[in-house]
Structure formats: structure tokens, C-alpha cells
Amino acid sequence: MLQPIGDRVIVKVKEEEEKTVGGIVLASNAKQKPTEGEVVAVGEGSFAENGNKIPMSVKEGDVVLYDKYSGTDVKYDGQKYLVLHEKDILAIVK
């Protein structure tokens, strides 16, 4: 498995639905970029200017919402993941 470094997080992207509520099938180019996923790996955190470690606020298994245009798409072992900085995570879904 991939292990992120610093304040980076690896998210398994939740795929968008193929159909709308009305039952219309969407073409792949008509879908919006997903903004929700499950955290599968978390880095060790970042360091403050004084050298103190800043702990991560998310953990493996959390479902998160993230900024639409953030992160880097990565394909590993046939799965699609997104590697992003913790600051690009907007919320944890409870």
C-alpha cells in the first residue's frame, strides 16, 4: 500500500452515480469530478516553525469532503486514489 509523507492523505475516491434521480444515464464527460472519498492512509503530520509536531485531524476510515480541484490522481494496484494535503480536506462526514 502507499504511505503518504508529511501532511498528505490518500483518499479512495467515491465514484459518481451513472444515473440521475430521474433515471437518465450520464455520459462519462458529463459527470462532475467527485469531492467525497474514504481516507485509506494518513501521513505522520507536519511540523510547526518551533519544531513541534502538528497531529493530523483525519484518520484511516474517515469519509471526507475535499476541494474539487485539489490533489493528485494516482492509480495503484488497479485502484484510483487521490493524494492531497490535509488542508484541502473541507469536512469529515459523520
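I take contact to mean heavy atoms within 4.5 Å. The model I am reading is predicted, so I note that local features need pLDDT of at least 70, side-chain atom pairs count only at pLDDT 80 or more, and totals for chains, interfaces and linings use all residues. Residues are numbered from 1 along each chain as its sequence is written, and side-chain values use heavy atoms, with hydrogens and water left out.

**Entry on Asp62**

I looked up Asp62 and found it in the loop between β4 (53-54) and β5 (63-66); strands are DSSP runs of E, at least two residues, numbered from the N terminus. Is Asp62 buried or exposed? Asp62 has a relative accessible area of 10%, so it is buried (under 20%; exposed is over 50%, partly exposed in between, with a 1.4 Å probe and protein chains only). I then checked its contacts: setting aside residues up to four places away in sequence, Asp62 touches Gly37, Glu38, Val39 and Ile92. Its side chain reaches the backbone nitrogen of Lys59 at 2.9 Å.

**Entry on strands**

I checked β2 next, where strands pair if DSSP finds at least two bridges between them. β2 (residues 36-42) runs antiparallel to β1 (residues 8-13), joined by five bridges, and Val9 stands opposite Val42. β2 also pairs with β5, antiparallel, over three bridges; here Glu38 faces Val63.

**Entry on Leu90**

I found Leu90 in strand β8 (residues 89-93). Leu90 is exposed, because its relative accessibility is 60%. Beyond four places in sequence, Leu90 contacts Leu65, Tyr66 and Asp67. The C-alpha atoms of Leu90 and Tyr66 are 5.0 Å apart, though 24 residues separate them along the chain.

How values were computed:
Helix = DSSP H or I, 4+ residues; strand = E, 2+ residues; numbered from the N terminus. Polar contact = N/O pair within 3.5 Å; in protein donor to acceptor, adjacent residues only side chain to side chain.
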